[in-house]
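The exercises below are meant for a reader who is meeting this structure for the first time. Please work through each task before turning to its solution.

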Protein chains: 4
Amino acid sequence: MQDSKPEIMEALSRVGITGLRTLVKTSWNGKEYKFIPEIELTLDLSKKRRGVHMSRLVESITESIEEEVEVKHESLEELERHILERVREKHPYKKAEILMKTQLVVDRETPATKKSTMETHDVFVSVISDNGKFRKRLKVKVVGNSGCPHALKKSDGISHVQRAECFLEVITDYENRIALEDMIVFVESAFPSEVYTLLKVEDEKYVVEKMFERPRFVEDITRDVLNKAKKKFKCCEIRVKTISQESIHRHDVVAEGFCRS
Amino acid sequence: MQDSKPEIMEALSRVGITGLRTLVKTSWNGKEYKFIPEIELTLDLSKKRRGVHMSRLVESITESIEEEVEVKHESLEELERHILERVREKHPYKKAEILMKTQLVVDRETPATKKSTMETHDVFVSVISDNGKFRKRLKVKVVGNSGCPHALKKSDGISHVQRAECFLEVITDYENRIALEDMIVFVESAFPSEVYTLLKVEDEKYVVEKMFERPRFVEDITRDVLNKAKKKFKCCEIRVKTISQESIHRHDVVAEGFCRS
Amino acid sequence: MQDSKPEIMEALSRVGITGLRTLVKTSWNGKEYKFIPEIELTLDLSKKRRGVHMSRLVESITESIEEEVEVKHESLEELERHILERVREKHPYKKAEILMKTQLVVDRETPATKKSTMETHDVFVSVISDNGKFRKRLKVKVVGNSGCPHALKKSDGISHVQRAECFLEVITDYENRIALEDMIVFVESAFPSEVYTLLKVEDEKYVVEKMFERPRFVEDITRDVLNKAKKKFKCCEIRVKTISQESIHRHDVVAEGFCRS
Amino acid sequence: MQDSKPEIMEALSRVGITGLRTLVKTSWNGKEYKFIPEIELTLDLSKKRRGVHMSRLVESITESIEEEVEVKHESLEELERHILERVREKHPYKKAEILMKTQLVVDRETPATKKSTMETHDVFVSVISDNGKFRKRLKVKVVGNSGCPHALKKSDGISHVQRAECFLEVITDYENRIALEDMIVFVESAFPSEVYTLLKVEDEKYVVEKMFERPRFVEDITRDVLNKAKKKFKCCEIRVKTISQESIHRHDVVAEGFCRS
């Protein structure tokens, strides 16, 4: 029935499954990682076919994961590419797209007392197959803070600071090696200060003083990330968005920018 | 079928509808208010009846709203009481409960330049009918800020401040007159500073300086609200919860307390 | 300080405020409507200016709302256009964009017993000012259902049905008159059946039978809406997305399409 | 400063951190599991102490996790108990509570074609230390479906079915061995049919037919789970809540019950 001609002949751009959660493994630099991502997998659909065989999409995911016992996937994007290749054996498409939303835990040490701490970030990893060519889209969401340099000047050394979130997204060829960890570092360094899960008294003092040494608007943070990413990641479309949860307002402020490298 | 004996005879405490959104009107102090609340309406169910006639619950809501053309409801709780009374004519229950989640907009003026501004708060209004006796539960969620007095001391006049949210809930007899607006004022005054939608430069300076004059832990804010509410609202169960979106951490901190007045 | 040259000279595309909630009124066809939308208002920012004066954005919103006492806004988009015009008097921009997310309540009657019922939909109304030209983006989210025609065939008259949501978005010139109510009707008619807040036994029977008379994939629903919108709304970019909360899976299925009219 | 006397002397019931995400490992039945839970850890606070030393709570979590290299934690509740014991060495409390929200992936096979599939469930695991005595609270959220037996009768073999979610929670002594997997099985078996991530045509037919063989109200599902849990899990407080995302309405229906075993 899915293969029959539809009543209304209109091509569709993205048809598939979303919100599927399952267990996947990768082995990045020899170390095993486990994730329970939320997965979206969609295909374009010709105006001549009524529907997508959804179970073949799910099967392509589960078979690629089972295969991991023998074939190690270095990264989520490698696993995603295998899934898209497997879909092609089961279902026709011109363009297909897979997205995994998950969390990445990275090791850090606290700034003053040098204690070890683990920091967790939301990451979004996509591979797109378009007319046989593979592209990827990598996105990280990093928590930090912003501070108002204008208020600092007006109020003689004090200002409103607050939690901020920054999203960095790069779209590039599948082969372009870009580590999520590097993306996270660029964003962390653009905030007035990095934030940490664990902070002893001396660490807290360090973080507070850093916040007031260089308070930054969301505009400053966004520009800094755009600039660093442009220099380091070549042949990319780059998008940055910073949102600040203002401590003096009920609403948020936002700054967004794009560039190409 | 709903009236038949169920296979498994087990009484249930809350059966009904949730997430229903509709338009309701009230006329508080002669002024008309319109709300589009999200409504939950549940009844207890005897172990001898298989199910609740859900359409009678919806009908009780829609009929009470239509009736507004003639009968003015002074408040959301008055409307809710009418709905629970109407349900009783259609469906047996010992205990019934209705909740409306909506927003309340209050007028303020900015602290320095005295401009008028409107501030929007989430409010949660419930009426409970228990063995013929009516009780109500009123809750407000107010946005403000917190600041760390400990860091202020360690770092010589600077500290981390951040957005915070405080929930104040009172449970009391239906007849006990308590205004949501008064509840909001108590919470606002417990934060280091009130926050505003509109702030000109002089207002911002005022708010920032106030935040640093009396930085407060979530524990301080929660105690202050508990204390004020206890003195002002008699014969109530009072619950307060404050959550601070730390500007130096990825996680939040929380302080919660209860008392009776 | 916002007017000074930034350290990193990079133009930004969208800088402003988001998540601001306030009370607005419109008078559509002589009837007064009140909304408490969530508002986002952003400007592009030249690479030569460090920041946006956020308080001027808020002021443009509050002043346009106060003005309502004298100037009636026929629609949310008219109010939004006034806000963008007012921003221009206070702040330079090439491109500005305002979005209001809110709810629209429409009157319906139940299909069999003809009782009156109110149905609430999420709506998203934007106006964009781009080099002096105004465009608008209107979006509705409508709840309905989907059903599997393939399972119906395999299982002899029964099938899995489930709740589905469909988003219809049109982007067009500001002057192009398109009613949100019409957009909602197109989506409602593409589902196997409309859904209602109130359904008496005979109405429920009607809705159930309609669902099984023409079960539809998300692909069918999306194509139907695209097709109807294309015929009715001229000179538009049209986007449609349907998501079905499968009753036989933990995940959802999705179908998305675009066209121009 | 946290140890000083507060201005307002009011005891607080729950003070601590929330929304902290980190990597934890367990080894249940000899198999290693990794989780990235969202953690909440709170203590009661005497009216004589101004605040909780939040960094000691974080430290108790990170040290207990580092310790895992040597000490294997069989389960999340064992890890949680160790964390609460470690907190006690650093901070006074009478009552402390830790909650981890995470996902559990369980292996299943499809009902007709017997293919292997992985199913992911939200789980909530708490340990409470109260005056030296440990209790625990285990909760699972399982996705399935509901169907209306009343409509089935009225419409001659067809009915509305839809996705439903059921929460089963048990509160019991720490030592009472209860497996989350068993809790999940009880809920799955109470729905008209289990749902699966992967379903081939024959499996889908099986699931659809099972849904229509025994359509069940949310009341039926809730009672079934209560009843099974009461028989199997001794010395527990048991809470069950089922929510059905009605395919004929915009709103949901809900049934909730409690019992003791």
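**Exercise 1: chains A and D**

In this predicted model, a rotation of 180 degrees, with 0.0 Å of shift along its axis, superposes chain A on chain D with an RMSD of 0.0 Å.

**Exercise 2: the contact between chain A and chain D**

Describe how many residues each chain brings to the contact, and state how much area is buried between chain A and chain D.

Solution. Chain A brings 25 residues to the contact and chain D brings 26 residues. About 2300 Å² is buried between the two chains, and carbon and sulfur atoms give 51% of that area. On the side of chain A, the residues that lose the most area to chain D are Arg21(A), Lys34(A) and Met118(A), which together account for 24% of what that side buries.

**Exercise 3: cysteines**

How many disulfides does the structure hold over all chains? Explain the case of Cys148(C).

Solution. The structure holds zero disulfides over all chains. Cys166(B) is in no disulfide, the nearest cysteine sulfur being that of Cys259(B), 13 Å away. With a relative accessibility of 0%, Cys166(B) counts as buried. For Cys148(C), the closest cysteine sulfur is in Cys166(C), and because the two sulfurs are 18 Å apart, they are too far from each other for a bond. Cys148(C) also counts as buried, because its relative accessibility is 7%, under the cut-off of 20%.

**Exercise 4: the second largest pocket**

State the volume of the second largest pocket, and say which residues are the closest to its centre.

Solution. The volume of the second largest pocket is about 2000 Å³. Its lining is made by 42 residues, and those closest to the centre are Lys139(B), Lys241(B), Lys139(D), Glu169(D) and Lys241(D). Sorted by class, the lining has 21 charged, 16 nonpolar and five polar residues.

Conventions
Residues are numbered from 1 along each chain as its sequence is written. Chains are lettered from A and ligands numbered from 1 in the order in which they are written. This is a predicted model: local features need pLDDT of at least 70, side-chain atom pairs count only at pLDDT 80 or more; totals for chains, interfaces and linings use all residues. Side-chain values use heavy atoms; hydrogens and water are left out. Copies are superposed by least squares on the C-alpha atoms of residues with pLDDT of at least 70 in both. A disulfide is a pair of cysteine sulfur atoms within 2.5 Å. Buried means under 20% relative accessible area, exposed over 50%, partly exposed in between (1.4 Å probe, protein chains only). On a 1 Å grid over the protein atoms alone, a cavity is a set of points where a 1.4 Å probe fits but cannot get out, and a pocket is an open set with protein on both sides within 12 Å along at least five of seven lines; lining residues have an atom within 4 Å of a point. Grid points are joined across faces, edges and corners, and a volume is the space filled by probe spheres set on the points. Ala, Val, Leu, Ile, Met, Phe, Trp, Tyr, Cys and Pro count as nonpolar, Asp, Glu, Lys and Arg as charged, and the others, Gly among them, as polar. Contact means heavy atoms within 4.5 Å. Buried area is the accessible area (1.4 Å probe) that two parts lose on being put together, summed over both.
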